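Dear colleague,

I am passing on the structure that we discussed, and I would be glad if you could look through it alongside the notes that follow.

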Amino acid sequence: MKTLQDFNFKDKKAIIRVDFNVPLNDKFEVTDATRIEAAKSTIIKILEDGGSCVLMSHLGRPKGVQDEFSLRHIVKDITKIIGCTVNFVDDCIGEKAEKAAAELKNGQILLLENLRFYAEEEKGDVAFAEKLSKLGDIYVNDAFGTAHRAHASTTIIAQFFEGKKCFGNLLAREIESIDKVLNNSEKPVLAILGGAKVSSKITVIENILDKVDHLILGGGMSFTFIKAHGGKIGNSICEDDKMELALEILKKAKEKGVTVHIPVDVVAADKFSNDANTQICDINNIPDGWEGVDAGPKSLEQFDAVVNQCKTILWNGPLGVFEMEKFAAGTIALGHSIDKATKNGAFSLVGGGDSVAAVKQFGFEDKVSYVSTGGGAMLEMLEGKSLPGIDAILN
């Protein structure tokens, strides 16, 4: 696996695919700069070697050229985070971009305009990728969030940099962290899968059963398993058409010696709202008109014991409707359990949009071993799929 450490960038121009698809408010201010901060160490390494950086990214889902999606809005944030001036050019290919890249001196940074202003980017157009390739000497992919897309800048461009392409620090760390969980883990290994639907996690569950010792199934998806076993789940979310599959998953887990943990009690609410009335129910006996919205105290006690006996922990998906303060206790308690296990030497990896949002919201970001930056990309890796953006560098 070629990384930044395999190259000296002195007098070289690195063209770097970053993921600066950051959220902006109505004043075009960045509201969460995590993705820019994540690329910092890659950019600094290249500048410190005595090279220069040409940064390319997409922002949002523009239909052609739309100023609201222009990357010029985030130049001041990148400048502030990296600590040096960022030049901007209002195109990403062609004469203007080539001139700006040619004039770039060692130690300088150039940000290209939004790649998705061109439809060719998402189509994986070879001619478009070739035009981008003219802007640098070495290609660096540091965008894990888009590594599962075969777009021009994430995958196709790599063919024009034979022997001169590598992973940036962020992408290398993402690959290593997921590999550590899936292939090089210290046992016992625990996967915690939450969220609303079993259907969105089926392939993940099937792929990780050979690699884990314990599996916690929480959140809305747990009710499909409970109902499949004949439990009464009231008005709780359930995928009736996946009940047979749920039983099959439990059977497979048993055959492979994986211990499955499902909540035993829940916080039930009489409506899906922060001002709902709540009660603690046995998960197999939720009254009609009530729905499970969070894991109950007995479940959290059991989960804490499981988490703290494991040496490798993967967390993907919350235990309840954490977006509502009243139903966030289970997800917060799980965060504390993982924090404690991590302090005691476990390796903990958190990934997937909702779990990442939860660890940030409740201050666990620095208390786990690694927080993944790519929701869809991480899920595909956990499903055992190869990612085109990664394959393009490896091959």
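Strand β11 (residues 265-269) is joined to β14 by four bridges, and the two run antiparallel. Helices (H or I, at least four residues) and strands (E, at least two) are DSSP runs numbered from the N terminus, and two strands pair if DSSP finds at least two bridges between them. The model is a predicted one, in which local features need pLDDT of at least 70 and side-chain atom pairs count only at pLDDT 80 or more, while totals for chains, interfaces and linings use all residues. Residues are numbered from 1 along each chain as its sequence is written, and side-chain values use heavy atoms, with hydrogens and water left out.

**The six-stranded sheet**

A further open sheet has six strands in the order β3-β4-β2-β1-β5-β6, with parallel pairing. Its edges are held by β3 (86-89) and β6 (165-167), each with a single partner strand, so one side of each has no neighbour in the sheet. Here the twist averages 25 degrees from one strand to the next.

Strands β2 (residues 52-56) and β4 (residues 109-112) pair in the parallel sense over three bridges, and V54 stands opposite L110 in β4. Strand β1 (residues 13-17) pairs with β5 in the parallel sense over four bridges, with A14 opposite I138 in β5. On to β6, three bridges join this strand to β5, the two running parallel, and V140 has C166 in β6 as its bridge partner. From β5 (residues 138-141), I138 and V140 point one way and Y139 and N141 the other, yet all are buried, that is, under 20% relative accessible area, whereas exposed means over 50% and partly exposed in between (1.4 Å probe, protein chains only).

**Helices and single residues**

Helix α2 (residues 75-82) lies across β3 and β4 and runs at about 155 degrees to β3.

In the loop between β4 and α4 (119-123) lies E113, which is buried yet has no salt bridge, the nearest side chain of opposite charge being R72 at 6.0 Å. A salt bridge is a side-chain nitrogen of Lys or Arg within 4 Å of a carboxyl oxygen of Asp or Glu; Lys and Arg count as positive and Asp and Glu as negative, while His and the chain ends are not counted. Not counting residues up to four places away in sequence, E113 touches several residues, including S57, F69, F88 and D90, where contact means heavy atoms within 4.5 Å.

S222 is found in helix α8 (residues 222-228) and is buried, with a relative accessible area of 2%. Leaving aside neighbours within four places in sequence, S222 is in contact with L217, I262, P263 and I283.

Finally, the buried residues of α11 include G330, L334, I338 and A341, and just after α11, G345 takes a positive phi of about 105 degrees.

Technical notes:
Axes fitted to C-alpha atoms, helices over the stretch in contact; angles between N-to-C directions.
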